[in-house]
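Please view the structure first.

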Amino acid sequence: MSVRRKDTIVFEHPPVISAWAAVGGKREGEGPLASGFDLLVEDAAFGPEGCSGWESAETMLQSKCARICLRKAGISAREVNLAFAGDMQAQCTASAYAMRALGVPFAGLYGACSTMTESLCLGAAFAGAGYSERTLVMTSSHFCAAERQFRTPLTYGGKRTTTAQWTATAAGACLLRPAGTAGIPVLSVTFGRVQDYGVHDINNMGAAMMPAAASTLLAYFHAFDASPQDFDAILTGDLGEVGSELLCTQMRREGYDLSNHWDCGCLLYDTSRQNVQAGGSGPGCSAAVLCARVLPRLQRGEWKRVLFLSTGALMSQTTFLQGESIPGIAHAVELGAPKEAATV
Amino acid sequence: MKLDPKTYSKMVRRAVPHSPVLKDCLWAFFVGGSICLAGEILRQTYLTWYDGEMAGTLTSISLIFASAVATLFGWYQKLATHAGAGTLVPITGFANSVVSPAIEFKTEGWVSGVGAHIFGIAGPVLAYGTLAGWVWGVIYWAMSKGG
Amino acid sequence: MSYLWAFVIGGAICVVGQLLLDYTALSPARILTGYVVTGVVLSAAGLYQPLADLAGAGASVPLLGFGHLLAQGVCRAVDETGLPGVFTGGLCAASGGVTASLVFALLAALVGRSRDQN
């Protein structure tokens, strides 16, 4: 039986991430994590492959990612029992069209940039409970699709503010299996609570999402009487430079030293060199960092225990224009070392 | 959590990195100034054949054409990431705000996409500019009657 | 000499916009709308014509000049036709720029496509 402690579900028999894949675009390929990606594309428009718009290009990104993940797992799409997937497009269409081609049972999720851990939490719970033998979880984002939907046309000339973040053109996919299979164990999952501390600046998502990350971290630490030093690394989704600094300040105030904290938005790009302002963002950002950096490190035994959070900003263009503040959410996944590596 | 919205808003203000104002302004000044200088060269050229008003109109049309070409090749966007208001404020920025949605929303069709979005960014400028002109017109008319 | 003034005045008007961008939370759309309306007001107050005489394109190319154009047009039409001119003057004066923007935009859409910024 799994145990529930406060907001966290602890798995007695932890399900495992048995295979994973990360796909990225040009700017991601120029970043520090390039070598961790399974596929990097120079032209993320996928014109020669029949994509007519940026939305279908994002679908292509997901399709490629899913197929690589399944190939690495050595299974066919027919063997997948359930897929949790999400993206940032209106009505979650990038995932829906990717699943149309894949033909697996599918539940679409929306958690903005937190979607990867939202999917992982649900996927792990389903795998842990024995409801699904092979669960695919996947998220993506595409810079161009996000830009034209949420900001301005791509050829429009605008200058970004220093706190703005760059939507990653990337996708990440994980295949979850029940305990007893080789892979990275998911030790616990924590569903976050929506937090809103009155941030209204749509160009400062990191600040809007920080309280959500802090609240989920504190919920976990309080529930288990744990501290950041119990982990080799604590990773947050895409708070960027501004949000990360705020998180460390806040956690210090709460009595926790977050010196082993990294943010996916700052890992995916070299913020000093790549002109992405405060860092990366988008559902694909934390998904790609998870699959290109975090899981490989756990696999190689360089890390033994990691707390991985993705943070999402849950406003829409409409609520923003109507003057609502920006609520945030963060879900956490606790990842351990694979059994083989742990015994060595 | 030891946090309240008021404290947080102060924390955020402290954490936000400042814009490099001097650099931004130099870019804006030189790029904006250069666009205006190009406009003046065009205007002086047109003045050899046309009166002042028509020369002004032709200058605008020429700059709009240049901006449309630059937008088409993605150059205007690239310049704007440095120039900021230097590319925003001149008429070329207005043209860019009309041309870019037209190109962008072609995938949604010529009527519902291009046609419906073409003034998506420039619309407010036209709407409130026209309104302001109308209000001034009424005042001007009233003054001419009264005076 | 008009070239130098065009450069300096035009550049200075842009710098004011940049300061608004950097120091206030105003969005670009609001700043542009503000510029046009300010242009109408300055023109109505008789302050913009002297600047236009001095700087030429330096005053007419920034969006303030667009407001000036609208205000001038409305005045001329009111002088010619009376009250109906209130409705026709502004956009008549601005018709060249607006039509050019629309036509070139549609031609650009015909031959162009959206471009990745990466």
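How many salt bridges does a search of the whole structure find over all chains? The search finds 17, a salt bridge being a side-chain nitrogen of Lys or Arg within 4 Å of a carboxyl oxygen of Asp or Glu. This is a predicted model, in which local features need pLDDT of at least 70 and side-chain atom pairs count only at pLDDT 80 or more, while totals for chains, interfaces and linings use all residues. Residues are numbered from 1 along each chain as its sequence is written, chains are lettered from A in the order in which they are written, and side-chain values use heavy atoms, without hydrogens and water.

**Salt bridges**

- Glu49(A) and Lys64(A) form a salt bridge, with the closest N and O atoms 2.8 Å apart.
- Glu49(A) lies in the loop between strand S4 (39–40) and helix H2 (54–73) of chain A and Lys64(A) in helix H2, so the pair ties together parts 15 residues apart in sequence; helices (H or I, at least four residues) and strands (E, at least two) are DSSP runs numbered from the N terminus.
- Arg177(A) pairs with Glu133(A) at 3.7 Å, N to O.
- Arg177(A) is buried at 16% relative accessible area, whereas Glu133(A) is partly exposed at 39% (buried is under 20%, exposed over 50%, partly exposed in between, with a 1.4 Å probe and protein chains only).

**Interface of chain C and chain B**

- 63 residues of chain C are in contact (heavy atoms within 4.5 Å) with 63 residues of chain B.
- The buried area is about 5500 Å², with 78% given by carbon and sulfur atoms; this is the accessible area (1.4 Å probe) that the two parts lose on being put together, summed over both.
- The rule finds 1 salt bridge across this interface, and Glu53(B) forms a salt bridge with Arg76(C) at 3.5 Å between the closest N and O atoms.
- H1(C) gives the most to the side of chain C that touches chain B, with 17 residues.
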